[in-house]
Amino acid sequence: MIALPTPLVTPSDLQAALAGPDVPVVIDVRYRLGGPPGRPDHDAGHIPGAVFVDLDTELAGAPGAGGRHPLPDPQQLQEVLRRAGVRGGSTVVAHDDGNGSIAARAWWLLRWAGFPADRVAVLDGGWAAWVAQGRPTTAEHSRPVAGDVTVRPGGMPVLDADGAAALAGSGLLLDARAGARYRGETEPVDPRAGHIPGAHNIPTADLVGSDGFWLPPEALAERFEQEGAGDGPIAAYCGSGVTAAALVLGAERAGLRPPEQPVALYVGSWSNWSADPARPVAIGAQP
């Protein structure tokens, strides 16, 4: 079993681990909001041994009242992970195209499913960094031996709409969407534009440097502290509960929250909140 010291793993460390005796499971979750799907990209080239897992159909339940990407059924998630070769003692590394905001959903789900913090990581820099550094790729279809992992849900704290509204008044509620969506200047997907009253904005793009890699812990801590992060309760949301997981990961990497006390996630997020006309909406740059 490989112990990962942080929620992020570098391309060089992952390549070394793939050549070692305890090979981690690599799941490819490349995804684009609005398409095209990521599976053709995976089929054209991927990290050797990596298995593609689809965000819409495998890392989320069916869209509905709970939002666009509600939590998957635990049995469904267990079957997906077993098909990917995940065993009870596996170390799992997730990656997306680059900034980790999609891979963070896989990281968060694995933690929610009962995986220890030191056995789940996101590839820093993602597929883009792996390719840019000239690391090995293949188009050969991966055929992992079926895993035996048991999903035990409840390992990460979640909020519903009422919980998010309450925390916005008693703690710090963070919105991970781009600034234009937070301010209500545009809304390409959900029923109404704006943000949850009282929420502060930390776009996931703020967590990553111009080189495509995550900021160092001290820089991440400074960004969170700019929005008032301290010892009080913190929760995060985004459009549909996917990219907000990056704020959960970012707070852990920054040292603001230990793995055993993670930031809570409002899984339904704006897709759930904005669908209810009785829920208030704030417009503009202020919480």
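Colleague: How many aromatic pairs does the structure hold?
Modeller: Two, going by this predicted model. One of them is W108 with W112.

Colleague: What's the geometry of W108 and W112?
Modeller: That pair is stacked, with 6.5 Å centre to centre and 10° between the planes.

Colleague: Where do W108 and W112 lie?
Modeller: Both are in helix α5, which covers residues 103–112.

Colleague: OK, and at what angle do α5 and α10 cross?
Modeller: At roughly 75°, and their axes come within 8 Å. Angles of 65 to 115 degrees count as roughly perpendicular, so that's the label for α5 and α10.

Colleague: Which residues of α5 and α10 make the contact?
Modeller: From α5 you have A104, R105, W107, W108 and R111. The α10 side brings A245, A246, V248, L249 and E252. So W108, from the stacked pair with W112, is also one of the residues touching α10.

Colleague: What does the contact of α5 with α10 look like by class?
Modeller: Seven nonpolar and three charged residues, with no polar ones.

Colleague: Left-handed or right-handed, the crossing of α9 and α10?
Modeller: Left-handed. On the α9 side the contact is made by P217, L220 and F224, and α10 meets them with L247, G250, A251 and R253. By class that's five nonpolar residues, one polar and one charged.

Colleague: Let's do sheets. What's the strand order in the one with β1?
Modeller: β1-β5-β4-β2-β3, an open sheet of five strands with parallel pairing.

Colleague: Which strands stand at its edges, β1 (8–9) included?
Modeller: β1 and β3, the latter being 51–52. Each has a single partner strand, so one side of each is left without a neighbour in the sheet.

Colleague: And how many bridges do β4 and β5 pair over?
Modeller: Three, in the parallel sense, between residues 92–95 of β4 and residues 120–123 of β5. As one example, V93 has A121 in β5 as its bridge partner.

Colleague: What about the order of the sheet with β6?
Modeller: β6-β10-β9-β7-β8, and that's an open sheet of five strands with parallel pairing. The edges are β6 (158–159) and β8 (200–201). Each of them has a single partner, so there's a side with no neighbour in the sheet.

Colleague: Which residue in β8 is the bridge partner of D175?
Modeller: N201. Strand β7, residues 172–175, pairs with β8 over two bridges, in the parallel sense.

Technical notes: Residues are numbered from 1 along each chain as its sequence is written. This is a predicted model: local features need pLDDT of at least 70, side-chain atom pairs count only at pLDDT 80 or more; totals for chains, interfaces and linings use all residues. Side-chain values use heavy atoms; hydrogens and water are left out. A crossing is left-handed if the near helix is turned anticlockwise from the far one by less than a right angle, and right-handed if clockwise. Helices (H or I, at least four residues) and strands (E, at least two) are DSSP runs, numbered from the N terminus. Contact means heavy atoms within 4.5 Å. Ala, Val, Leu, Ile, Met, Phe, Trp, Tyr, Cys and Pro count as nonpolar, Asp, Glu, Lys and Arg as charged, and the others, Gly among them, as polar. Two strands pair if DSSP finds at least two bridges between them. Rings of Phe, Tyr and Trp (its six-membered ring) pair if their centres lie within 6.5 Å; planes under 30 degrees apart count as stacked, over 60 as edge-to-face and the rest as tilted. Axes are lines fitted to C-alpha atoms, for helices over the stretch in contact, and angles run from 0 to 180 degrees between N-to-C directions. Angles under 35 degrees count as roughly parallel, over 145 as roughly antiparallel, 65 to 115 as roughly perpendicular and the rest as oblique.
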